[in-house]
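Visitor: I'd like to learn how to read a few features in a model like this. Could you walk me through it?

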Amino acid sequence: MSVLTDARSIQQRETRFSLTAFSAVVIPVGGNPLGVALTPDGTRAYVANRSSNAVDAIDTATNTVIATIATGAGPTLVAIAPDGAHVYVSVAADALLSVIDTATNTVTASVAVGAGATGVSVTPDGARVYVANQNASTVSVIDTATSTVIATIAVGDGPTGVTVTPDGAHVYVGNLASNTVSVIGTATNTVTTTIAGLNGPAVVGITPDGARGYVSNDGSDTVAVIDIATNTITGSIVVGGQPRFVVVSQNGAHVYVADYASNTVSVIDTATNTLAGNLSTGQGPTGVAVTPDDSRLYVTNTDAGTVSVIPLTLIPHEGSTSGGATVTINGHNLANASAVHFGTASATILTNTATSITVVSPAGAGAVPVTVTTPGGTGFLGDFIYFPAPQVNDVSPTDGPSDGGNPVIITGFNLAGAISASFGPNRATIQSATDTQLTVTVASAQNPGSVPVTVTTPGGTAAGPYYTYWPQPTITNVTPNTASTSGGTPVTLTGTDLATTQQVTFENVPADFSVISDTQITAVAPQQSPGQNITISVTTAGGSNSWNFFTYQDNASI
């Protein structure tokens, strides 16, 4: 589901005390926006549009594009100098780092780096920029005073995200292809530690105190928690599908993860390292940045060519019509709240401070205003959207191979805005969603067997029919291993997991067959030309397997 574009403005609400609340908006930008970064004062956002070969500068006061800056081919990610004077853009196709002067919004330098320049991060003193070169498996170190490369560091395979620690002492590099994080010491520009045990690590977000790192695992739909002092993995949090880029709030209370396949941003509570909720975005969210006051998120929607500006006053801002969601309300002057209303219904207050209130949402429907009442008055904090509970009625097909990768259609009701679809513990990739139908790509399963299909939306989780994973077949022997070119030779195939055989072919020619057991099939060799190393293939519900040691001979030779 896309974010609201017609939410009422805070300026149209009557308030008698200061609150931080904003309307959700969507900003059209260039093609395939990926990276986004905000200036230190929060007045501008810079977005790298990969297919447009340009960077858009956004005025955050009006949320409009005020400049489009041409770069080399394939601008990917963005970082901004601590003083806000320069924007550093990785340019993947041209293997460059483009330097933009924010005073003029022009490119003032282009520095040659490694192939597939992707991640980019600036040291706290602004003296160096680190660029991950995805195709070269290196990190380039650039001296910002001279715009020259002063070191090239070999890291793991497919380095993607690069993050400098708040103290500037280390750089954390997510190596997507080698499932590791490389830790670089900036004093020597060498890799000091390699952290293994990850699954498609893309980016490491580091808390402002430098104590913890949060790594998006694109391959497992999780975020791993790293203890920076020991460089060990201390936890794992399930988030949305294909998590990409990660940012930590300025106050360190939350981690925001762009979930490309789920069209959501997952919000992690750093106090408990649990999922606090999901925020809806446009299609294919990839890059994410938080404003200096932690009031808004800027999220690039790569597949939609837009940037979503999401208010952070309500986390989550969606929930079930039956109520019961734990919602965090962020703002100012919230102490001693006497009431919180979702529309006209009262919410249960759990905790209350000057900047945050935690409540349990009441039952409701549609989009309703959330208001807080304190001794200073009543203020509007944003709109909360209610979703009806989903229902799953059917799954088609009802079975498939254990290695996944096949399309499945899930039908039911209230499925729009689906956050996830799971086959047992295995998270599927959602390809499209309507209110009555989801099309997904099935994930692989560690073990064959029947598992329940579940769909989660902001309205809740629904379980549907079971789906069966079938194991991959094997062929271990063929007797005899020779047949006549005229066909008709009975052949016995021995192997495993053959009970669901759907087809047998001899060099792509279908053959008549009979399933004898899970370990044996008989087939009648069809006509073929003479030849050796003929391929016999067996296709089952679990996939295909082949035997390549079969010979066709002329009738006179047999």
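Guide: Let's start with burial: buried means under 20% relative accessible area, exposed over 50%, partly exposed in between (1.4 Å probe, protein chains only). Ser 182 has a relative accessible area of 3%, so Ser 182 counts as buried. This is a predicted model, where local features need pLDDT of at least 70 and side-chain atom pairs pLDDT 80 or more, while totals for chains, interfaces and linings use all residues. Residues are numbered from 1 along each chain as its sequence is written, and side-chain values use heavy atoms, leaving out hydrogens and water.

Visitor: Which side chain makes a polar contact with the side chain of Ser 182?

Guide: A polar contact is a pair of N or O atoms within 3.5 Å; within protein, one must be able to donate a hydrogen and the other to accept it, and residues adjacent in sequence count only if both atoms are side-chain atoms. Here the partner is Asn 175, at 2.9 Å.

Visitor: And which residues of the largest nonpolar core touch the most other members?

Guide: Such a core is a set of buried Ala, Val, Leu, Ile, Met, Phe, Trp, Tyr and Cys residues joined through side-chain atoms within 4.5 Å. In soluble globular proteins, nonpolar side chains tend to be buried together. This one has 30 residues, and Val 120 and Tyr 88 are among those touching the most other members. Apart from it lies another core, of 20 residues, including Val 408 and Val 453.

Visitor: What does Val 120 touch?

Guide: Contact means heavy atoms within 4.5 Å. Not counting residues up to four places away in sequence, Val 120 touches Leu 77, Tyr 88 and Val 162, among others.
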